Amino acid sequence: MSEKFQAVVIGGGPGGYVCAIRLAQLGLKTACIESRGSLGGTCLNVGCIPSKSLLNLSEEFHKVKNLSNKGIEIGEVKLNLEKMMKSKDKAVTILTKGVEFLLKKNKVTYFKGHGSFKSKNQILIKDDKNNETIIEAEKTVIATGSVPVSLPGIDIDEKVIVSSTGALKLEKVPNKMVVVGGGYIGLEMGSVWSRLGSEVQVVEFLDHITPGMDKEISSELMKILKKQGIKFNMQNKVETI
């Protein structure tokens, strides 16, 4: 017999896990299904948290490396990228485990695996070892989040052509990096790798960066990034890579 739940949430991101916790607090027997292997969604795993960690660490590296310009001599400054990445991963793990604790505290049953509908009220969960579990749900909330989109004819391989997720996991500093699109996510990644030694160029279709933000903010941000050494190619369309 499959386990029965009054509410099942498919997706353990900031929409899904918060929803599951609230449903449980309201007295419903609740389950949350997440395929990534850790809770928190894009933000905690491959978005806000790891990118801000690398932004902070790369800024510290850049500051220390340029202290001699201000009369502070400290010898040769070396980058240990592996250790920096481990520091970033540690910050992510602490927070995702914290979310897992919140689910447990609020008595939400957590399933690690990919959830799909077997029928209107039956949900099939397949884990990373292809083990299958079927549960029954009176009500289901779909909170599966989003995935990166590419340009037509350009395949993201997360090795040479990477999304923001791949840019958070590079094993060495690239000599050159092209950021397609001047949105804040691409600029964050460009800023990180520029500080760590990469020659970064941004290609943007519009005449300003950070579309949707105030033009004055865009203008000031571009000035800061140009000082950092990032080059901009505005009003340019990428057709092939």
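I started with a definition: buried means under 20% relative accessible area, exposed means over 50%, and partly exposed is in between, with a 1.4 Å probe and protein chains only. My model is predicted, so local features need pLDDT of at least 70, side-chain atom pairs count only at pLDDT 80 or more, and totals for chains, interfaces and linings use all residues. Residues are numbered from 1 along each chain as its sequence is written, and side-chain values use heavy atoms, with hydrogens and water left out.

Entry one: strands. I noted that helices (H or I, at least four residues) and strands (E, at least two) are DSSP runs, numbered from the N terminus. Two strands pair if DSSP finds at least two bridges between them. I saw that S1 (residues 3-10) runs parallel to S6 (residues 132-142), with seven bridges joining them. Glu 3 has Ile 135 in S6 as its bridge partner. On S5 (residues 122-126), I found five bridges to S6, in the antiparallel sense. There, Ile 125 stands opposite Thr 133 of S6.

Entry two: the hairpin. S5 and S6 form a hairpin with five residues between the strands. Is Asn 130 buried or exposed? At 56% relative accessibility, Asn 130 counts as exposed.

Glu 158 sits between S6 and helix H5 (164-167). Its phi is positive too, near 60°. Glu 158 is partly exposed, at 35% relative accessible area.
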